[in-house]
Amino acid sequence: MLTHQVAIPPQQTVLVPTGMTRDPVGHLPGHRKKEKMEAKADIALIGLAVMGQNLILNMDDHGYTVVAYNRSTDKVDHFLANEAKGTKVLGAHSIEEMVGLLKTPRRVMMLVKAGKPVDDFIEQLIPQLEAGDIIIDGGNSLFEDTNRRQKYVESKGLLYIGTGVSGGEEGARRGPSMMPGGSPAAWPFVKDIFQAVSAKVDGGVPCCDWVGQMGAGHYVKMVHNGIEYGDMQLICEAYNIMKTGLGMSADEMHDVFTEWNKGDLDSYLIEISRDILGTKDDDGSPLVDKILDTAGQKGTGKWTVINSQDLGIPITLMAEAVYSRCASALKDERVKAARKLKGPRPALSAIAANAEKKAAFIEDIKSALYASKIVSYAQGYMLMRAAAKEYKWTLNYGGIALMWRGGCIIRSQFLSNIKDAYDKQPELPNLMLDDFFRGEIKKAQKGWRKVVATAALRGIPVPAFSTALSFFDQYRSAVLPANLLQAQRDYFGAHTYERIDQPRGKFFHTNWTGKGGTTASSEYTV
């Protein structure tokens, strides 16, 4: 959509849709009439599940008046009488009432289930809003849906934002990481609210900034979630080696995670893993041992993997993390298979029996976790770079690392090093090529290889550790066996190949059997 610039007091310039002009005080057409109503609220929020309620209370803490609305209006009344009691939060029992309480330009944020519920609310909102009003989707929507919705909403004269919100219940209440994208003209009208309620790092810098147009915000959140899947799987593999291989108790592992959280692995997920391992059931036994080993997922990790295939980027660790959750869901089959499919005993008795060897191997596990984590983030940034090129976005990679430094599930000290790497070299092709991370992998590599090899010999599954190491070795290989693969493709399908003694882009076909013809199929890459 074409845009032009107009000045908005005080000294603020934003983009608004072409053909939309403001009156002398900066209002868009039709807004002054509704301003005479009881317009008290700065923003409305639809959806009173745990994230919605806590984000409303967070906004209230920062001095913003919020209208709360939920499709089941009894939830509105319950929220006002309980969690929001004593606050400035207003309640509405209809979309029309909610909109009537909003100052202009009206800002309406949805925190509802991704998919059809978002589209349904958009359809309900459009007739009640006026040119320049802003619809915000704060749920985990697929970025392609955000692309479609922005175009549709803008065609109605409105503005649209799709923002990732990460941090769970605690983050929503105390400060999440927020990743907004969509209509650039909308950002100045939500910036103060979003940055006020978001987490702060490095002396007050908000973990929220504009990501880019269309679905860029939701895309970055999707990649965040893919990395989250990888981080969680890596931690689980470290836990499993200590538990199954070394025979360590939950209390012993609690102590290990406590130490790990003080160094290079300092992060929210290590912190909560420490807490989980220290939590007891009512009978005094570790609660984690009572939890069934089947994991769920809501789809964002799967979306990341599917998109990586579309863009041709090998995010192998995230893919293994998704498939590991799928494998965990095969509980009944695995129980039967455990009785019939035999392999080595997983116990690392010789290591576990020697205190010095045990301590050294735990340090190796830490190295494997740290190095694999570097690979995971390197792959995530590879994917974002490819997406920026494909979808014509301008992404600030150091800024994204800063947004993830606080509030979100993958927040960690580690992200400061990523920010430094991209601040120093914005066009860095791969995180592993940065001097700092290259040095860290070099230090961790021996232990990493020992853990993967030991796990393989003892039959302890470490799919994420293994694929991270394999990718590292692939990436550092000047020559891979794809020459044979390409010859195979040419043999059975006449798909052609390039030669090392000829310029790139020049393709050849061989009549491998002497019975085929000289005609080759067209060369293309999906």
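Q: Asp490: buried or exposed?
A: Asp490 is buried, at 0% relative accessible area. Buried means under 20% relative accessible area, exposed over 50%, partly exposed in between, with a 1.4 Å probe and protein chains only. This is a predicted model: local features need pLDDT of at least 70, side-chain atom pairs count only at pLDDT 80 or more, and totals for chains, interfaces and linings use all residues. Residues are numbered from 1 along each chain as its sequence is written, and side-chain values use heavy atoms, with hydrogens and water left out.

Q: Which helix does Asp490 lie in?
A: Asp490 lies in helix H21, residues 482–493. Helices (H or I, at least four residues) and strands (E, at least two) are DSSP runs, numbered from the N terminus.

Q: What does Asp490 touch?
A: Leaving out residues up to four places away in sequence, Asp490 touches His495, Thr496, Tyr497, Phe508, His509, Thr510 and Trp512. Contact here means heavy atoms within 4.5 Å.

Q: Which side chain makes a polar contact with the side chain of Asp490?
A: That of Trp512, at 2.8 Å. A polar atom of the Asp490 side chain also lies 2.8 Å from the backbone nitrogen of Thr496. A polar contact is a pair of N or O atoms within 3.5 Å; within protein, one must be able to donate a hydrogen and the other to accept it, and residues adjacent in sequence count only if both atoms are side-chain atoms.

Q: Switching to Asp133. Where is its place?
A: Asp133 sits in the loop between helix H5 (116–125) and strand S7 (134–137). It counts as buried because its relative accessibility is 0%.

Q: Which backbone nitrogen lies 2.8 Å from a polar atom of the Asp133 side chain?
A: The backbone nitrogen of Glu130.

Q: And Tyr152, why does it count as partly exposed?
A: Because its relative accessibility is 32%. Tyr152 belongs to helix H6, residues 143–155.

Q: What does Tyr152 touch?
A: Ile122, Glu123 and Ile126, not counting residues up to four places away in sequence. The side chains of Tyr152 and Glu123 are joined by a polar contact of 2.8 Å. Tyr152 and Ile122 are 30 residues apart along the chain, with 9.7 Å between their C-alpha atoms.

Q: How does the pocket lining split by class?
A: 24 nonpolar, nine polar and seven charged residues. Ala, Val, Leu, Ile, Met, Phe, Trp, Tyr, Cys and Pro count as nonpolar, Asp, Glu, Lys and Arg as charged, and the others, Gly among them, as polar.

Q: How many cavities of 30 Å³ or more?
A: Two. The largest cavity has a volume of about 60 Å³. Its lining is Asp231, Ile235, Leu265, Ser267, Leu269, Ile270, Leu369 and Lys373.

Q: What lines the second largest cavity?
A: Asn140, Ser141, His218, Lys221, Met222, Thr300 and Trp303. The volume of this second largest cavity is about 30 Å³. H9 gives the largest share of its lining, three residues.

Q: How many residues has the largest nonpolar core?
A: 93. A nonpolar core is a set of buried Ala, Val, Leu, Ile, Met, Phe, Trp, Tyr and Cys residues joined through side-chain atoms within 4.5 Å. Those with the most contacts inside this one include Tyr219, Met384 and Trp404. Helix H16 (residues 355–391) gives the most to this core, 18 residues. Another core lies apart from it, with 33 residues, including Leu45 and Val66.

Q: Why is helix H8 largely enclosed?
A: Eight of its 11 residues (187–197) are buried, so H8 is largely enclosed by the rest of the structure. Among the buried ones are Trp187, Phe189 and Gln195.

Key
On a 1 Å grid over the protein atoms alone, a cavity is a set of points where a 1.4 Å probe fits but cannot get out, and a pocket is an open set with protein on both sides within 12 Å along at least five of seven lines; lining residues have an atom within 4 Å of a point. Grid points are joined across faces, edges and corners, and a volume is the space filled by probe spheres set on the points.
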